[in-house]
Amino acid sequence: MSFDVWSSAVWQNLVAQAKLPLNLRQEFAADPARAERFTLEACGITLDYSKNLITTGIWQNLLQLAEASPLAHKRQQMFAGDKINTSENRSVWHTALRAPLGGDLTLDGVEISAEISQCHAQMYDLVNQLNAQTYLGYTGQVITDLIWIGIGGSLLGPQMAAEALTPYNISPVKIHFAGNIDGAVVSDVVKPLDPATTLVFVASKSFGTEETKQNALAVRQWFIDNGADKAAIARHFWATSSNIKAAAEFGIESSNILPMWDWVGGRYSLWSAIGFPLCLMLGVSQFNQLLAGAHAMDQHFLQAPLAQNMPVILALLGVWYINGLGCQAQALLPYSHYLRLLPSYVQQLDMESNGKSVNIDGDALNEATAPVIWGDAGTNGQHAYHQLLHQSALAIPADFILPIKPAHDLQDHHLRLAAHCFAQTQALMQGKTLAEATAEVKATGASDEQAAILAPHKVSPGNKPSNTLLLPELSPFYLGALIALYEHKVFVQGVLWDINSFDQWGVELGKQLSTPIYQVLSGQQQHGFDASTEQLIARFSR
Ligand code: F6P
């Protein structure tokens, strides 16, 4: 029988504490050791979680909750390759892809280290040829561009990480990502390119995803329209998929198909051949640093006691806000231009994993699960939506992420960026009282009457929670560790909510319904949709 978080005595205790007032300013004033106590370092990453709506008592209870939950058992099951994705009868073993090879990695009696090594060898061979410019296209010209076609987990990870690691790019090959079925994407991608110097990768675990297939067909047609024959296409098209048959039927040579395994979920697949674009841009040794960083975080997650376990801490804070304090959103605010795609990546990771309303046995949940993840790179948001963070009645916990060492020489820019990052967390936490706002207005020479009118508009309630994560620098190693940190946070929350974080049945309905609508839009007779959909189809088609 599974552990019921919500009926446990420790949770009831937390519910009682959630009703008590808690003022962060006062907590800091009363406890000089608070910042130090609620800060830890793991894999070189610092997490300051002192600006959260917790007291020592609340925190101890949250840790007890994790202790009483089946977390240790489920974590051990995941790292052992057990089939914890029960609704799809699959293992969840992305951590094996970043473990040093040669260990004991046996799944259903099959030693998978050899398969992983072979996949890496194939990847590295192609990467080395492309980077040495010895892989020639069908006209004998050097390959200068790579089009990566995929969507969701087959795109967001490599795209986000490629952006994040821009300064580490050592490849002469330019990478272009194509995901959306909006034809503007593929049209724009191919426009400046020449098929003779372009390699194409079709990345799809299922090789059945409509967007990816449609975009792959369009790019293949672009090759044909430019005079490429079957042999040319065979030379220029590669794939990574677990559906070798479908990839072969599409016309991709079996020697050009890199494997994906059903024990790697799409949104956890960055570490597989889905990471090929990264490996290409970084070169093999820097790519291995990314894997090493993720592996270091895996080891931390496995070994650190719960009270010093960074993914567990982030997960418990999230559960406290969602289920204890009723927060529905979580902002992710990287103070790093290069990390600007991280919120989109974590959106899929978190919301597709934990946006569920039944437990692992299929029974309805009474409590909310995943938050709405949103955000963008700082300081941009400060001139836009931070207004709501500071002064609205909503409490939106925010993770601020800042690399300490910049990847550029503009040191003063970096000091200002860091100052804004820290100032935001400080402002959210301490706010501005009416007395402070009144004094501020009066200091400008305003009368008492004028101050009384303006000051209320300047009040910030404060008490708004945030975490601050400091990375020594945005290198492949620390990025790997950061991604694994969020992966494991999501895992821990899934355990506490007793859900399967590794399926995504919710995305299927929209896919199913689009087929008959497409049939009507493309000229086939079929009706029986709801009145709104019928009307939209009619207006679109007239
Ligand atoms: O539609 C959701 C989803 O299945 C994601 O989970 C997955 O990452 C994405 O589509 C792409 O799937 P595939 O790699 O099979 O094309």
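Which backbone oxygen lies 2.7 Å from a polar atom of the side chain of lysine 356? The backbone oxygen of asparagine 500 lies at that distance. This is a predicted model, in which local features need pLDDT of at least 70 and side-chain atom pairs count only at pLDDT 80 or more, whereas totals for chains, interfaces and linings use all residues. Residues are numbered from 1 along each chain as its sequence is written, and side-chain values use heavy atoms, with hydrogens and water left out.

**Lysine 356**

- Lysine 356 sits in the loop between α15 (342-354) and β11 (372-374), where helices (H or I, at least four residues) and strands (E, at least two) are DSSP runs numbered from the N terminus.
- With a relative accessible area of 17%, lysine 356 is buried, since buried means under 20% relative accessible area, exposed over 50% and partly exposed in between (1.4 Å probe, protein chains only).
- Its side chain also makes a polar contact of 2.9 Å with the side chain of aspartate 503; such a contact is a pair of N or O atoms within 3.5 Å, of which, within protein, one must be able to donate a hydrogen and the other to accept it, and residues adjacent in sequence count only if both atoms are side-chain atoms.
- Beyond neighbours within four places in sequence, lysine 356 is in contact (heavy atoms within 4.5 Å) with residues including Leu365, Thr369, Ile499 and Phe502.

**Backbone geometry**

- The peptide bond from glycine 378 to threonine 379 is cis, with omega near 10 degrees, and threonine 379 belongs to the loop between β11 and α16 (386-391).
- Asparagine 89, although not a glycine, has a positive phi of about 50 degrees, and at 52% relative accessibility asparagine 89 counts as exposed.
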